[in-house]
2 protein chains.
Amino acid sequence: MDQIDGKIVRELARDGRISNTELADRIGLSPSACLRRVQELERSGVITGYRAVLNPAAMGRGFVAYVTVGLSDHSKRAQQAFEQAMAGAPQCRECHNITGTREYLLRIEVADLAAYKAFHTDVLGALDHVNALTSYIVMGSPKDERR
Amino acid sequence: MDQIDGKIVRELARDGRISNTELADRIGLSPSACLRRVQELERSGVITGYRAVLNPAAMGRGFVAYVTVGLSDHSKRAQQAFEQAMAGAPQCRECHNITGTREYLLRIEVADLAAYKAFHTDVLGALDHVNALTSYIVMGSPKDERR
DNA sequence: TTTTGCCGTCGATCTGATCCATGGCCGCAA
DNA sequence: TTGCGGCCATGGATCAGATCGACGGCAAAA
């Protein structure tokens, strides 16, 4: 990972479908040298894949909220049950195990407030041991997610 | 956006570099029909781009925390100053304007705890009007981010 | 029944990926 | 100084895939 690799990675993070020829041009390498580096970055796990970026609104995910969740039951069983429920809930896009008095921080993406309320009631409300919730509804992201 | 478009979008979200031929195979369309649909999804803004996915640890971003931030000064000027500071801070990967008593939720990605402390002190600590902070350090993501 | 919207197939063309061989440049160690 | 290893550039050959245009079929809507 030298400076050149850094430039390659930045370019590919910005546009993952750029051709190797074009990439080599921007980096200032020959296509063959550039390709060797990209392949090495993939092989070594620095680049783990390529994804299409989707428009949240078009996917019915325009409403974003973060939710902290505490469990009254701190057993491994209860945690696994909760994590499994989140893994099965399509509205939940991230489920982070965090420090502090709340055990989890969820990122919820749904179409609108009604869908968010439905998630809150039907999914979170249906779970046992969920004893504390704080919702942070996202009003907009000045720094749109750099990914 | 019918069912077929949904399948296309899911495949491309999983692997953004799949060839059109292969994509058409998986969807069950001819390459030409498939290409027509992909181009329409791009044109209409459902697919907004393609990105390489990077290994956080390899990029010095293995340590993740969420931070809620309140501003004592609620003026537009103060908000803009804060947002601009976050836009200029490479450690800050997301800056969400949220409801509630905290105005912002940040996602911070750094190499380790020391770097996090440095961010906290040198970046957040140097800003005016930042009067309340709560950190949620991510211990690992059971449901790794679905993107 | 006619129109409209998709779809599949075919062929032509162009770009790019990938592999290979060759040669230059530079720093390091014998 | 000399030889070696690591990298890079260039150019050729080959193959897969992207892209486009044209044509005909089929089914649902008008």
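Predicted model: local features only at pLDDT ≥ 70, side-chain atom pairs only at ≥ 80, totals over all residues.
1. On conventions, residues are numbered from 1 along each chain as its sequence is written, while chains are lettered from A and ligands numbered from 1 in the order in which they are written. Local features need pLDDT of at least 70, side-chain atom pairs count only at pLDDT 80 or more, and totals for chains, interfaces and linings use all residues, with side-chain values taken over heavy atoms and with hydrogens and water left out.

2. Chain A is divided into domain 1 (3-43) and domain 2 (63-137), the bounds coming from an automatic or database domain assignment. Taken over C-alpha atoms, the centres of these two domains of chain A are separated by 39 Å.

3. Around DNA strand C there are residues of both protein chains, including Ser19(A), Leu35(A), Gly28(B) and Arg36(B), where a residue is near a strand if one of its heavy atoms lies within 4 Å of it. Three of these residues are nonpolar, six polar and two charged; here Ala, Val, Leu, Ile, Met, Phe, Trp, Tyr, Cys and Pro count as nonpolar, Asp, Glu, Lys and Arg as charged, and the others, Gly among them, as polar.

4. Of the atoms of DNA strand C within 4 Å of the protein, 73% belong to sugar or phosphate, and the rest to bases.
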